[in-house]
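Dear colleague,

Please find the structure below for your records. My findings follow directly after it.

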Amino acid sequence: MSGRVRIYTDGACSGNPGPGGWGALLLFGETEKVISGAEPATTNNRMELMAAISALEALTRPCAVDLYTDSQYVRNGISTWIKGWKAKGWLTASRQPVKNEDLWRRLDEARTVHDVSWHWVKGHADDALNNRVDGLARAAIATLRQQGRRP
C-alpha cells in the first residue's frame, strides 16, 4: 500500500496531577482506528506522551506517518530536546533528570520503527480531528470515573 498514515493524538488531565486520559485517531485511506486509555493518577504531559506512544505502537508494520499533536512538549521533546537528553545520559541542560524519562524512552523506541513527521496543531481551535481526539481523552477520564477508579 502507498500513502501515509495520519495520526491525531491528545491527552487530558482533570487536575494536574489527577485522573488523566488520552485518545488517538489513526487514518489510512478510508480506514480509521480509534484508541484511548486512562490512568487514575497522572499528569497532562504523561497523557500526551501516552497518546503518541500508543498510536505508534498500534501500527502493525513500519509506516510513513504524519503525527499531529497540540502538545509542544511532545513535538519539541521528540524533535529537538531528546538528542541532548540522550547525549547527557537523560539529564536536562540544567543537569536534572528528564521528567517522564520512561515514556520518552518508549516513544523514542516506537518512532524508530516508522518514518514519522511531527506536526503541531493549535489545541481547542478549529481542527476538527484534534477536537475529536480531545473528546476521546476526556471520555476516557469520564469512563475511569464511572468505573470508580479514582486515585
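Glu 32 and Arg 132 form a salt bridge through their side chains, at 2.6 Å from N to O; the term denotes a side-chain nitrogen of Lys or Arg within 4 Å of a carboxyl oxygen of Asp or Glu. Because Glu 32 belongs to strand E3 and Arg 132 to helix H4, the pair ties together parts that are 100 residues apart in sequence. Glu 32 is partly exposed at 43% relative accessibility, and Arg 132 is likewise partly exposed at 35% (buried means under 20% relative accessible area, exposed over 50%, partly exposed in between, with a 1.4 Å probe and protein chains only).

Please note that this is a predicted model, in which local features need pLDDT of at least 70 and side-chain atom pairs count only at pLDDT 80 or more, while totals for chains, interfaces and linings use all residues. Residues are numbered from 1 along each chain as its sequence is written, and side-chain values use heavy atoms, with hydrogens and water left out.

The count of salt bridges comes to 8. Another of them joins Asp 102 and Arg 46, at 2.9 Å from N to O. Asp 102 lies in helix H3 (residues 101–112) and Arg 46 in helix H1 (residues 44–58), 56 residues apart. Within H3, Arg 105 pairs with Glu 101 at 2.7 Å between the closest N and O atoms; the two are 4 residues apart, or about one helical turn.

Helices (H or I, at least four residues) and strands (E, at least two) are DSSP runs numbered from the N terminus, and two strands pair if DSSP finds at least two bridges between them.

E2 and E3 run antiparallel and are joined by 10 bridges, with Leu 27 as the bridge partner of Glu 32. These strands form a hairpin with 2 residues between them, and Gly 29 in the turn has a positive phi of about 60 degrees. E4 (residues 64–69) runs parallel to E5, with 6 bridges, and Val 65 stands opposite Val 116.

Yours sincerely
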